[in-house]
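Subject: Structure for you to look at, with notes

Dear colleague,

I am passing on the structure below, and I would be glad if you could look through it with the notes that follow. They are meant for someone who has not seen it before.

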Amino acid sequence: VLAPPHTVLKTSSGKIRRGACRTLYERGEVGRQRSVWWQLARLALSSLLPQARRSLRAAAGYLYAGWFWAALGLVAPLTWILVALLPWRPWAWVVTHWGSWAFLLLPGALPAVRGREHLDPSRPGVYVVNHQSYLDGMVLCAALPGQLSIVAKRELAEQFIAGPFLRALGAEFVARLDKQRGLEDARR
């Protein structure tokens, strides 16, 4: 087969793309020149679908983030107000448990809890948790049974939002940076 120059398809390393060349030959398209604008148009069109997918994925991420923050904005203030106003600590814990559960349910982030049958709220026990964010406390309140005793860093006691909420739940605040005060807190 004789073909005009620059019409035999090759890979980036210079190898002939035999299958693609055969397809062109069978279609009768060998040697048919396409204009530059047509090649640019095909290139632009071929990039639209991947770009559209990326844009849709980003839009879905933004929508989910908006839904997440809307759920937090809906559930957190209501839970905070109820906990702050309730006179009896066990009621505050019930509201905290169900508020945390509702917040995690709305964006579809309920935790999968395994081994809950080994936890007996009637027996004393200690859950030691090294958490990475403030959201982890909410997950624990939603997942663990019964009323818990929380130990929190003393800096949270002075915060406008966290302080009253944690005090209503009976949190113990401990000093992390002052060794002497930290020892007293540990003894307490």
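Rings of Phe, Tyr and Trp (for Trp, its six-membered ring) are taken as a pair if their centres lie within 6.5 Å, and a pair is called stacked when the planes are under 30 degrees apart, edge-to-face when they are over 60, and tilted otherwise. With that rule, ring pairs join Phe-68, Trp-69 and Phe-103 into a cluster.

Before going further, please keep in mind that this is a predicted model, in which local features need a pLDDT of at least 70 and side-chain atom pairs count only at pLDDT 80 or more, whereas totals for chains, interfaces and linings use all residues. Residues are numbered from 1 along each chain as its sequence is written, and side-chain values use heavy atoms, with hydrogens and water left out.

Confidence

The predictor's confidence in each residue, pLDDT, runs from 0 to 100; the protein chain averages 86, and 96% of the residues score at least 70. Helices here are DSSP runs of H or I with at least four residues, strands are runs of E with at least two, and both are numbered from the N terminus. Confidence in the protein chain is lowest in helix 1 (residues 18–27), with a mean of 82, and highest in helix 3, with 93. Where pLDDT is low, the predicted coordinates should not be read in detail.

Aromatic pairs

Searching the whole structure gives five aromatic pairs. One of them joins Trp-37 and Trp-38 edge-to-face, with 6.0 Å from centre to centre and 80° between the planes. For the surface terms, a residue is buried under 20% relative accessible area, exposed over 50%, and partly exposed in between, using a 1.4 Å probe and protein chains only. Trp-37 is therefore exposed, at 60%, while Trp-38, at 35%, counts as partly exposed. Phe-68 and Trp-69 also form an edge-to-face pair, 5.8 Å centre to centre with 85° between the planes, and Trp-69 is exposed because its relative accessible area is 57%.

Salt bridges

A salt bridge is counted when a side-chain nitrogen of Lys or Arg lies within 4 Å of a carboxyl oxygen of Asp or Glu, and by this rule there are three. Glu-26 pairs with Arg-22, their closest N and O atoms being 2.8 Å apart; both residues lie in helix 1, four residues apart, which is about one turn of the helix. Glu-26 is exposed at 54% relative accessible area, and Arg-22 is exposed at 55%.

Asp-185 and Arg-154 meet in a salt bridge of 3.0 Å, N to O. Asp-185 belongs to helix 6 (residues 179–187) and Arg-154 to the loop between strand 1 (151–153) and helix 5 (162–168), so this pair ties together parts that are 31 residues apart in sequence. Both Asp-185 and Arg-154 are buried.

Arg-176 forms a salt bridge with Glu-155, with 3.3 Å between the closest N and O atoms. Because Arg-176 lies in the loop between strand 2 (172–174) and helix 6, and Glu-155 in the loop between strand 1 and helix 5, the pair ties together parts that are 21 residues apart in sequence. Arg-176 is exposed, at 53%, whereas Glu-155 is partly exposed, at 32%.

Helices and surface

Thr-79 is placed in helix 2 and is buried, with a relative accessible area of 11%. Contact means heavy atoms within 4.5 Å; leaving aside residues up to four places away in sequence, Thr-79 touches Val-95, Thr-96, Gly-99 and Phe-165. Leu-40 also has its place in helix 2 (residues 36–85), but is exposed, with 53%.

In helix 4 (residues 135–143), Cys-141, Ala-142 and Ala-143 are buried, and helix 3 is included in what covers the buried residues of helix 4.

Finally, patches are made of residues with over 30% relative accessible area and no salt bridge, joining like charges within 9 Å and nonpolar side chains (Val, Leu, Ile, Met, Phe, Trp, Tyr) within 5 Å; accessible areas come from the Shrake-Rupley method with a 1.4 Å probe, and for residues only the protein chains shown count as cover. Val-94, Trp-98, Trp-101, Leu-105 and Leu-110 form a nonpolar patch on the surface, with about 460 Å² of accessible area together. Leu-105 lies in helix 3 (residues 89–105) and is partly exposed, at 40%.

With best wishes
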